[in-house]
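Subject: Structure for your review

Dear colleague,

My notes on it come after the sequence and coordinates.

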Amino acid sequence: MAGVLARQSSLEARCDCALRCWEEPGSLVTEVLRHRIAEEVPYRAFYSGPRPHGRCLVGLGRGRRGSLWVDLDSCPHLLVGGMTGQGKSVFLRQALTFLCCDHPPERLRLALIDLKGGVELAHFGMLPHALCPVADTVAAAGETLSRVREELDRRLSQVRRSVEAGDSAAPAGWPRILVVVDEVAELTVRDLGDDRAARAAQQAATGRLCEIARLGRSVDIHLVCCTQRPDAEAVPGQLKANLDGTVAFRVRAAVNSFILLDSDRASLLPPHPGRAVFAHETVEEFQAVDCSVEESRDLLLARWGSGMVSPTTGPVSQWWENTCPPSDELSGPS
Ligand SMILES: Nc1ncnc2c1ncn2[C@@H]1O[C@H](COP(=O)(O)OP(=O)(O)O)[C@@H](O)[C@H]1O
Ligand SMILES: [Mg+2]
């Protein structure tokens, strides 16, 4: 049994099927799921279907057993890995689009970091959910992460106060904060040459990221890190150890797949954008939900049109204070 389980992932990828194995007295039973995985999963078709129960659900896509979802309440932080062009940014876009259509800004806030200066996340910075414009420099990313860290401390001390006051119920009512970093290596290991100040800012930002991953889960602060380089330099062990779920798109070499999944599964995925493996409590292959920039913009405009603003050029701190009331002032069930 142990031998089959150890090889299950490779067997599934090589035989293009899903296996479920269990033991019955005297025998090993294997169920083979042969359903093909969809080539494409359009956003509207996926999200107009039924959804499971959960407090902060995000759709992933469709696997052999049907729709696949993750609840950030039970899987607070995600690592999204895979080669360039395999679907990491599309995954972020569809997930953020759904979350922001599904939750009002009183319940969900975004802190976005995209150091490649892409346009993929830019429009999320205009939402009423955005705590600040999308950070596109190491300095701006550092400031964003410091702000999240301060809010984290505020929330932790609020929890401590209520525990001291003998309140068994955790203080609720603060909005979830979702911190998203597209291409985390640009933040953690980008070569900044001799610029000492920038290197110090980079180190500090990496440290904050690790702290948010470690402490955020208990106070509704979530982290999603994307990377094409899953190695220990780009994703420090302390960070990786605290990311609960992994979405692994195709990688070139088995060694990268092992870093992401503890198996060679991601290197055996077909060369089809959007095909990925999700590993949390189980491991499942799926085709990710697709969503173009235009579709995402249209959906968000239809939902939040009047609340959308143009990106400001002001300092991040100013934005933050305008948009994030101190957590003590927030009330109501989460
Ligand atoms: N889930 C998907 N379904 C269909 N096509 C996809 C999907 N994800 C990615 N693609 C295609 O692959 C391209 C690259 O995806 P992208 O998310 O930008 O890759 P990455 O961020 O991993 O470099 C997209 O422009 C799109 O054409
Ligand atoms: Mg990308």
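The notes below go through the findings by topic.

Please bear in mind throughout that this is a predicted model.

Domains

The domain assignment divides the chain into domain 1, residues 1-34, and domain 2, residues 38-327. Taken over C-alpha atoms, the centres of domain 1 and domain 2 are separated by 32 Å. Contact between the two involves six residues of domain 1 and seven residues of domain 2. On the domain 1 side, helix α1 (residues 2-15) supplies the largest share, namely four residues. By class, that side of domain 1 consists of three nonpolar, two polar and one charged residues.

Surroundings of ligand 1

The shell around ligand 1 is made up of 13 residues, and the closest of them are Gly87, Ser89, Pro273, Gly274 and Asp290. Two elements, α3 (88-102) and β12 (283-290), each give two or more residues to this shell. Of the elements, α3 gives the most, with three residues. Sorted by class, the shell around ligand 1 has seven polar, three nonpolar and three charged residues.

As general background, nonpolar side chains tend to be buried together in soluble globular proteins.

For isoleucine 212, setting aside neighbours within four places in sequence, the contacts are Leu145, Val148, Arg149, Leu152, Val179, Ile221 and Leu223. Leucine 209, which lies in helix α6, is in contact with Leu145 and Leu239 when neighbours within four places in sequence are left aside in the same way. Leucine 209 counts as buried because 27 other C-beta atoms lie within 10 Å. Between leucine 209 and glutamate 284 there are 75 residues of separation in sequence and 27 Å in space, C-alpha to C-alpha.

How many of the five residues of β11 are buried? Strand β11 (residues 275-279) has five of its five residues buried. Arg275, Val277 and Ala279 are buried on one side, and Ala276 and Phe278 are buried on the other, so that both faces of β11 are covered. In general terms, the side chains of a regular strand alternate between the two faces of the sheet.

Strand β11 pairs with two partners that are described here. With β10 (residues 245-249), β11 runs antiparallel and is joined by four bridges. Within this pairing, valine 247 has phenylalanine 278 of β11 as its bridge partner. With β12, β11 pairs in the antiparallel sense over five bridges. Here alanine 279 has valine 283 of β12 as its bridge partner. The two strands β11 and β12 form a hairpin, with three residues between them.

Strands β4 and β5

A further antiparallel pairing links β4 (residues 57-63) with β5 (residues 66-71) over six bridges. In this pair, glycine 59 stands opposite tryptophan 69 of β5. A hairpin joins β4 to β5 through two residues.

Residues with positive phi

Glutamate 183 is found in the loop between β8 (176-182) and α5 (185-188). With 22 C-beta neighbours inside 10 Å, glutamate 183 counts as buried, because the threshold is 20 or more.

Aspartate 220, also a residue other than glycine, has a positive phi near 60 degrees. The loop between α6 (196-215) and β9 (221-227) holds aspartate 220. Aspartate 220 is buried, because 26 other C-beta atoms lie within 10 Å.

With kind regards

Key
Residues are numbered from 1 along each chain as its sequence is written. Chains are lettered from A and ligands numbered from 1 in the order in which they are written. This is a predicted model: local features need pLDDT of at least 70, side-chain atom pairs count only at pLDDT 80 or more; totals for chains, interfaces and linings use all residues. Two strands pair if DSSP finds at least two bridges between them. A residue is near a molecule or strand if its C-beta atom, placed from the backbone, lies within 6 Å of it. Ala, Val, Leu, Ile, Met, Phe, Trp, Tyr, Cys and Pro count as nonpolar, Asp, Glu, Lys and Arg as charged, and the others, Gly among them, as polar. A residue is buried if 20 or more other C-beta atoms lie within 10 Å of its own, exposed if 12 or fewer, and partly exposed in between; C-beta atoms are placed from the backbone. Domain bounds come from an automatic or database domain assignment.
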